[in-house]
2 protein chains.
Amino acid sequence: MLHYNPHLSVDCVLLGFDGEELKVLLVQRNPSDEEGEYNDMKLPGRLIFEDEELDDAASSVLLELTGIKQAYLRQFKTFGSISRTSNPRDVRWLEDAVKLKIGRLITVAYMSLIKITGRLNTLSPDYSAGWKSLLDLPQLAFDHNQIILEAQKEIQHMAQLDPTILFELLPAKFTALQLRRLYEQVYGRQLDVRNFHKKIMTMPYVVPLDEFETNVSHRAARFYKFDKKRMIKG
Amino acid sequence: MLHYNPHLSVDCVLLGFDGEELKVLLVQRNPSDEEGEYNDMKLPGRLIFEDEELDDAASSVLLELTGIKQAYLRQFKTFGSISRTSNPRDVRWLEDAVKLKIGRLITVAYMSLIKITGRLNTLSPDYSAGWKSLLDLPQLAFDHNQIILEAQKEIQHMAQLDPTILFELLPAKFTALQLRRLYEQVYGRQLDVRNFHKKIMTMPYVVPLDEFETNVSHRAARFYKFDKKRMIKG
């Protein structure tokens with residue numbers, strides 16, 4: 001029952017939508033132990049420095065990894081369970097990386113919604129980073145699967161308060177199918193196609209364009225755009 | 001730029017409504033320094049123990065102070081700025097209290113909405129605790145004024161997602177005036193009396209009763225009750 005000093009880190013859940021799937025940016029670690037080398041993935045993050053604000057630590061993780069300077073990072077939850085370091089592989093990897101003895105490790109989690117564009121294909125090669133579909137995540141280091149689940153709940157809340165944020169994930173012109181897929185993956189459930197089309201009609205800020213898909217084998221779908229000026233503020 | 005170990009605490013913003021004012025539960029500290037004894041107030045909270053989950057630490061703070069076992073405590077934000085310990089009085093007080101050298105102090109903040117009832121007048125005498133109006137807060141220890149402001153923003157978001165939570169603060173029977181005062185203090189702005197009455201009419205879950213105030217010098221106001229079954233789920 002002693003007072004004592006845990007280690008403190010930040011972790012970033014960077015979520016993006018590529019037009020088909022909601023994805024999270026993960027970095028690879030390639031450590032080895034007595035059973036040999038193993039590869040697995042984790043959220044981008046690191047221990048904070050002594051003279052560093054939490055928000056600044058999170059921004060610098062994002063900047064170093066993606067080159068993005070201006071993204072809005074939202075602190076959404078702190079994970080501090082004792083069981084976070086129950087896997088000795090995680091502890092050994094971190095102790096090797098930072099050359100420190102690690103006991104309890106508390107992490108402040110941030111999230112950001114990012115448009116996956118061409119620019120983001122040039123991720124810093126130092127981190128073997130990649131976008132992974134939320135529908136098909138492997139077992140990640142520490143409690144990072146749980147952190148991502150909580151981030152998903154957070155977007156659902158944020159989208160209820162302000163649906164605009166979901167449109168920040170879409171390209172400037174998008175199809176009804178893309179919008180539905182985004183909603184389905186944010187809310188984690190299948191939506192009825194007909195009802196969803198009716199729902200779009202009730203959104204004055206989703207504006208149908210006179211443009212259609214080209215070079216597609218199926219019937220060309222109409223493009224829509226998002227018009228923030230038509231948002232009705234509750 | 002070293003990695004290092006900060007101290008970690010939990011602090012609880014316990015908000016209640018006494019029918020007139022939105023209040024926060026504060027505890028008094030009575031330390032002294034070279035300039036003599038001084039009294040000021042802070043949020044209830046403490047350093048976490050080595051083998052203690054964050055949520056459990058927050059629950060135990062609430063239980064020891066108020067005797068409340070079952071309240072829902074929501075972790076809402078972690079405050080970790082270096083400037084949190086910029087007031088030497090705060091640091092000296094804490095070092096005296098825990099017999100430890102304190103450097104950086106990071107706190108995980110929780111909030112809970114509590115009905116202020118008779119039971120809550122019997123607060124543990126160990127803490128010189130008291131309910132203080134949010135409209136008239138003194139300068140508190142550390143960054144606790146800022147933590148309370150952020151908690152207020154959090155209730156606004158929570159109430160937008162689920163207006164039910166505000167009714168948890170009200171007595172079983174309440175007047176329109178009490179409901180308006182609660183809304184005004186949660187949202188931090190004056191509301192027009194007429195418009196607010198119209199707004200109440202559009203809330204199917206606010207049910208007018210055939211009961212009126214008694215023993216009042218002004219015109220007796222009607223009582224209302226909250227009926228959760230009439231909530232329309234979005």
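**Exercise 1.** Find which elements the buried residues of α5(A) pack against.

*Solution.* Start with the conventions: this is a predicted model, where local features need pLDDT of at least 70, side-chain atom pairs count only at pLDDT 80 or more, and totals for chains, interfaces and linings use all residues. Residues are numbered from 1 along each chain as its sequence is written, while chains are lettered from A and ligands numbered from 1 in the order in which they are written.

Next, list the buried residues (20 or more other C-beta atoms within 10 Å of their own, with C-beta atoms placed from the backbone). In α5(A) they are Q178(A), L179(A), L182(A), Q185(A) and V186(A). Viewed down the axis of α5(A), these fall within an arc of 135°, so they line one face of the helix; the arc is that of the directions from the helix axis to the C-beta atoms.

Finally, look for their partners, counting a contact when two C-beta atoms, placed from the backbone, lie within 7 Å. The partners in chain A are β1 (7-17), β2 (22-29), α3 (144-161), α4 (164-167), β10 (174-175) and α6 (193-201).

**Exercise 2.** Describe chain A as a whole.

*Solution.* Count the elements: 6 helices and 12 strands. Then take the C-alpha trace, which spans about 65 × 40 × 30 Å along its principal axes. Of the 234 residues, 29% are buried.

Conventions:
A residue is buried if 20 or more other C-beta atoms lie within 10 Å of its own, exposed if 12 or fewer, and partly exposed in between; C-beta atoms are placed from the backbone. Helices (H or I, at least four residues) and strands (E, at least two) are DSSP runs, numbered from the N terminus.
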